[in-house]
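Thanks for coming. I have one structure to go through today, and I will take it piece by piece. Please keep the picture in view as I talk.

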Amino acid sequence: MADKILVANWKMNLLEPQAYFNAFTAALGQSSLSGVKIGFAAPYTLLATARACAPAAYAVYAQNVHERESGAFTGEISWPLLEPLAISGSLLGHSERRQFFHETHDQVAQKLALTLQRGHCGIVCIGETLAQREAGETFSVLTAQLTPLLPILTSTGACILAYEPVWAIGTGLSATPTQAQEVHAWIQSFLETHGIRRNAIPLLYGGSANSANLEALLQQPDIDGALVGGASLQPVEFAKMATIAAAFRK
Ligand code: PEP
């Protein structure tokens, strides 16, 4: 069985990385995290400190990156600007980027292409809104989001997908394990239909995951880990989740 993957998304929150990692490590105590890959997606200005404070085994990610390497894009950040920080990769196409900053499916694909070209890992977020789910459009929305990615996705370990139903993000209303599994299985079949070996791309679930619901989610055959927003802001809670995820390897 492959290691589970747990990625924290700190979003635009002011954390003190050193204090966070001290509390996270203390909460872990003697627990071994050898069966889980842990990552932290930090705001830009915390990336350098997070990279310096986090144990080397943990990945540090940006939350977004521009699809061009340089140019007249005021306020944006490119890979050449991030690379001196020695981070592992970036979240791409988070629903908050798509919703509030109008990122298009093609733009997200361009971000992934440049991310891979420059040797980094891309965690691409996809998912439907509540209105889309209620209208029976979940799979057509996912098809539209995934299609531009198909020529770019590789199974080298540099691509991770995160299924994040928008209605479950930050609402406290997680998808049930059955709902999440249904969509994860569909995504793996969709990728397989397009020539990408089943389970070649790790598939995370995101949306109000926490220490109370994580185990049931990870028990599903096509859920390889979780992308965690709110619950990851509490280092003790996130350490609890890491311990739960690590137990799946044994
Ligand atoms: C997220 O924003 O990626 C996320 C999953 O948030 P939350 O866990 O708070 O729903």
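I will start with helix 10, which is mostly covered: 9 of its 12 residues are buried. Before I go further, note that this is a predicted model. Helix 10 takes in residues 235-246, and from its first C-alpha to its last it reaches 16 Å, close to the 16 Å expected at 1.5 Å a residue. The buried residues are Pro-235, Glu-237, Phe-238, Ala-239, Met-241, Ala-242, Ile-244, Ala-245 and Ala-246. What do they pack against? The partners are strand 1 (4-9), helix 1, strand 2 (36-41), helix 9 and strand 8 (225-228).

From the helix 1 side, look at Phe-24. Phe-24 sits in helix 1, residues 17-28. Its relative accessible area is 0%, so Phe-24 is buried. Setting aside residues up to four places away in sequence, Phe-24 touches Leu-33, Phe-40, Tyr-58, Pro-235, Phe-238, Ala-239 and Ala-242. Pro-235, Phe-238, Ala-239 and Ala-242 are among the buried residues of helix 10. For a sense of distance, the C-alpha atoms of Phe-24 and Gly-136 are separated by 41 Å, and these two residues are 112 apart along the chain.

Next, helix 5, residues 105-117. With 13 residues at 1.5 Å each step, helix 5 should span 18 Å, and its end C-alpha atoms are 18 Å apart, so the two values agree. Which residues of helix 5 are buried? They are Val-108, Ala-109, Lys-111, Leu-112, Leu-114, Thr-115 and Leu-116. A reminder on helices: there are 3.6 residues a turn in an α-helix, so residues three or four places apart point the same way. The buried residues of helix 5 pack against helix 3 (79-82), strand 4 (89-92), helix 4 (95-100), strand 5 (121-126) and strand 6 (159-163).

Gln-110 is also in helix 5. At 42% relative accessibility, Gln-110 counts as partly exposed. Its C-alpha lies 36 Å from that of Ala-212, which is 102 residues away along the chain. After helix 5 comes Gly-119, with a positive phi near 85°.

Now the loop ahead of that helix. Glu-103 is in the loop between helix 4 and helix 5. Is Glu-103 buried or exposed? Its relative accessibility is 7%, and therefore Glu-103 counts as buried. Its side chain makes a polar contact with the side chain of Lys-111, at 3.2 Å. Lys-111 is one of the buried residues of helix 5. Beyond its neighbours within four places in sequence, Glu-103 is in contact with Asn-64, Gly-93, Arg-97, Arg-98, Val-108 and Lys-111.

His-102 lies in that loop between helix 4 and helix 5 too. With 59% relative accessibility, His-102 counts as exposed. Phi of His-102 is positive, near 60°, and this is a residue other than glycine. As background, most residues other than glycine have a negative phi. Asn-199 also has a positive phi, near 70°. Asn-199 lies in the loop between helix 8 (177-193) and strand 7 (203-206), and at 45% relative accessibility it counts as partly exposed.

That brings us to helix 8. Its 17 residues should span 24 Å at 1.5 Å a residue, and the end C-alpha atoms are 24 Å apart, which agrees. Ala-180, Gln-181, Val-183, His-184, Ala-185, Ile-187, Gln-188, Phe-190 and Leu-191 are buried. The buried residues of helix 8 pack against strand 5, helix 6 (130-134), helix 7 (138-146), strand 6, strand 7 and helix 9 (214-218). Just after helix 8, Gly-195 has a positive phi of about 85°.

Last, the ligand. There are 14 residues around the ligand, and Lys-11, Glu-164, Gly-170, Ser-208 and Gly-230 come nearest. By class, the shell has 4 nonpolar, 8 polar and 2 charged residues. Which atoms of the protein lie 2.7 Å from an oxygen atom of the ligand? One is an N or O atom in the side chain of Glu-164. Another is a backbone N or O atom of Ser-208. A polar side-chain atom of His-94 lies 2.8 Å from an oxygen atom of the ligand. On its own the ligand has 290 Å² of accessible area, and the protein covers 96% of that.

How values were computed:
Residues are numbered from 1 along each chain as its sequence is written. This is a predicted model: local features need pLDDT of at least 70, side-chain atom pairs count only at pLDDT 80 or more; totals for chains, interfaces and linings use all residues. Side-chain values use heavy atoms; hydrogens and water are left out. A residue is near a molecule or strand if one of its heavy atoms lies within 4 Å of it. A polar contact is a pair of N or O atoms within 3.5 Å; within protein, one must be able to donate a hydrogen and the other to accept it, and residues adjacent in sequence count only if both atoms are side-chain atoms. Accessible areas come from the Shrake-Rupley method with a 1.4 Å probe; for residues, only the protein chains shown count as cover. Ala, Val, Leu, Ile, Met, Phe, Trp, Tyr, Cys and Pro count as nonpolar, Asp, Glu, Lys and Arg as charged, and the others, Gly among them, as polar. Helices (H or I, at least four residues) and strands (E, at least two) are DSSP runs, numbered from the N terminus. The expected span of a helix is 1.5 Å times one less than its number of residues. Buried means under 20% relative accessible area, exposed over 50%, partly exposed in between (1.4 Å probe, protein chains only). Contact means heavy atoms within 4.5 Å.
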